[in-house]
Amino acid sequence: MTETTPKKTPPDLPGTPALGELFLPKLITVLREGYTLTHLRSDAIAGLTVAIVALPLSMAIAIAAGASPAQGIITAIIGGFFVSLLGGSRFQIGGPAGAFIVLMATTAQTFGMDGLILATMMAGVILMGIGFLKLGTYIKFIPYPVTVGFTAGIAVIIFASQIKELLGLTLSIGEPGPLLEKLPVLWHALPTMDALTVTVSAATVLVIIGIRHWRPQWPGMLIAVALAAGATAAFNLPLETIGSRFGGIPSSLPWPSMPAISLTRLTELLPAAIAFALLGSIESLLSAVVADGMTGRHHRSNSELVAQGVANIGSALFGGICVTGTIARTATNVRAGAHGPVAGILHAGFLLLFILIAAPLASFIPLACLAGVLALVAWNMVEKRAFMILLRASRADALILLATFGLTIFRDLTEAIVVGFAIGSVVFIHRMSQTTAIESWTPFVDEDKPDRITAPADARAGPAEQDAEILVYRISGAFFFGAAASIGSVLERIADTHRVLIIDFAAVPFVDSTAAHMILGLAHRARKRGLPVIISGASKIVQHKLVALEITAPLVSYEPALAQAMSAARAWIDARHE
């Protein structure tokens with residue numbers, strides 16, 4: 001079959017970037033633009049500011065995920081370094097994120113810490129594959145109600161996981177993971193609540209909120225943690241600390257090592273790795289979009305995902321946990337005046353200096369204080385205004401939001417994302433099918449008209465209303481599987497008085513194989529009735545799709561516009577009358 005539509009491959013199109021340019025790190029772009037001492041000073045200040053914010057967060061997230069505080073800092077150092085070194089965003093800051101807490105905790109409980117580290121490494125490989133296959137753009141198609149719903153659900157689970165540390169509860173059994181099992185256990189343990197622990201956690205929250213209100217430029221989280229650690233050390237407070245539970249933080253980075261790998265291990269960890277990669281890609285690209293909105297710059301999605309993949313592999317080699325772009329730290333980086341990726345690299349360097357110099361001081365940090373930090377993180381994660389707006393926006397958006405939110409809390413995060421995306425897709429298909437319409441241009445009553453012999457030539461090419469023997473259907477909008485059934489039922493209601501059927505595709509920008517197959521079936525049925533079918537106004541792309549499914553002569557004929565189709569139909573009818 002001769003191809004009717006010439007194709008242009010991407011390299012032939014003007015302005016199409018080369019493959020190397022698509023994966024060029026933003027660091028190279030910034031250095032090529034000219035990097036001065038002024039830029040370095042701005043990046044150093046921003047890097048130090050972000051490191052101050054990242055320090056308590058990294059430890060708190062790691063502890064909540066079932067890892068050690070040292071693993072959280074290692075993740076921020078190694079992951080943050082590679083995200084900024086290789087990433088496709090100027091301002092992205094990588095490290096452990098609150099959104100991963102639930103998945104990491106579940107994986108660590110099920111497969112152990114070695115399993116979590118191996119799953120992190122596998123997720124890094126998957127992320128690199130997604131980036132190199134240029135699939136990063138499609139991550140943006142995740143519906144907004146899904147992201148709001150699972151983020152709010154994660155926040156609820158994070159807060160629930162910190163209730164024990166916030167109140168200083170003593171549990172008679174191990175703390176269950178599922179929320180519905182956890183809450184009764186915590187309720188029965190309320191009589192064991194420790195007043196000193198509650199005081200420290202509440203004071204931490206109040207200090208952070210107060211500093212955020214009165215001195216927003218100050219590092220409220222670090223100040224609150226430092227005050228709690230200082231009070232614990234000075235007054236020898238009987239609180240559980242990082243030192244009492246984890247033995248402190250090492251004063252150097254560990255040597256890289258590979259986790260134990262076997263085919264069985266890889267198979268059982270694959271679902272967790274896919275979940276890490278999916279969530280990591282969503283979080284990192286959302287963070288990059290936020291940075292773009294704040295700065296007017298543009299990130300490269302696929303390059304960013306490749307960097308995220310390398311960062312996760314690097315983090316796992318040093319015993320760290322999952323890495324992704326973090327919205328709060330990235331936004332802090334922008335507000336602190338960062339010029340480019342050097343700020344993220346320096347942020348990793350400042351964190352490394354902390355464990356080299358001040359690691360012993362971390363032993364005095366109370367776990368109740370870090371629980372207070374995470375409680376505020378959970379509160380800030382919930383997009384409360386967006387949640388309420390989506391509930392009022394439409395029934396469909398509310399359904400997607402609540403389904404994702406509920407499944408995240410009571411079932412599983414991966415299941416919540418898949419189901420939310422599936423519902424969103426069905427809603428989108430339904431909405432698209434409603435925008436696709438079909439119109440008949442045949443009148444109910446024949447109008448007066450001159451004899452054919454005396455009619456001017458252009459009358460034969462006029463509108464369909466001038467000839468009741470010709471039925472014209474005009475389809476408008478994307479013609480795809482969601483609309484094929486309803487339009488097909490309309491097209492099949494063709495009266496016996498009609499001699500020619502014209503289907504006008506002039507307003508159809510796209511047709512899929514399902515819709516084209518419906519047209520093919522209609523053409524076969526029309527041929528059995530001796531009814532010619534003319535397709536008019538189809539673009540080259542649409543016509544190529546129809547021809548590829550063998551919708552060709554003698555089943556149908558093609559005309560470039562409705563006027564020519566009317567002339568051809570009139571000529572066929574006249575020939576039959578002779």
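**Reading the fold**

Author: Of the contacts in the protein with a separation of 6 or more, 83% join residues 24 or more positions apart, a contact being heavy atoms within 4.5 Å. This is a predicted model, in which local features need pLDDT of at least 70 and side-chain atom pairs count only at pLDDT 80 or more, while totals for chains, interfaces and linings use all residues. Residues are numbered from 1 along each chain as its sequence is written, and side-chain values use heavy atoms, with hydrogens and water left out.

Reader: What does the secondary structure come to, and what percentage of the residues count as buried?

Author: Helices (H or I, at least four residues) and strands (E, at least two) are DSSP runs, numbered from the N terminus. The protein has 23 helices and 7 strands. Buried means under 20% relative accessible area, exposed over 50%, and partly exposed in between, with a 1.4 Å probe and protein chains only; of the 578 residues, 48% count as buried.

Reader: How should I read the packing of two helices, and at what angle do α3 and α15 pack?

Author: Axes are lines fitted to C-alpha atoms, for helices over the stretch in contact, and angles run from 0 to 180 degrees between N-to-C directions. Angles under 35 degrees count as roughly parallel, over 145 as roughly antiparallel, 65 to 115 as roughly perpendicular and the rest as oblique. Here α3 and helix α15 (residues 342-357) pack at about 50 degrees, with their axes 7 Å apart, which makes α3 oblique to α15. The contact includes L40, A44 and L48 of α3, together with L346, F350 and F354 of α15. By class, its residues divide into 14 nonpolar, 2 polar and 1 charged, where Ala, Val, Leu, Ile, Met, Phe, Trp, Tyr, Cys and Pro count as nonpolar, Asp, Glu, Lys and Arg as charged, and the others, Gly among them, as polar.

Reader: At what angle do α3 and α4 cross, and which residues make the contact?

Author: The axes of α3 (residues 37-64) and α4 (residues 69-86) come within 7 Å and cross at roughly 125 degrees, and these helices are therefore oblique to each other. L55, S58, M59, A62 and I63 of α3 meet P69, G72, I73 and A76 of α4. These residues divide into 7 nonpolar, 2 polar and no charged.

Reader: Where does I142 lie, and is this residue buried or exposed?

Author: I142 lies in the loop between α6 (136-139) and α7 (144-167), and I142 is buried, with a relative accessible area of 15%. Leaving aside neighbours within four places in sequence, I142 is in contact with T147, I282 and F421. The C-alpha atoms of I142 and A422, 280 residues apart along the chain, are separated by 9.9 Å.

Reader: What covers the buried residues of α14?

Author: In helix α14 (residues 327-335), R329, T330, A331, T332, N333 and V334 are buried, and what covers them includes α3, β1 (94-95), α12 (263-295) and α15.
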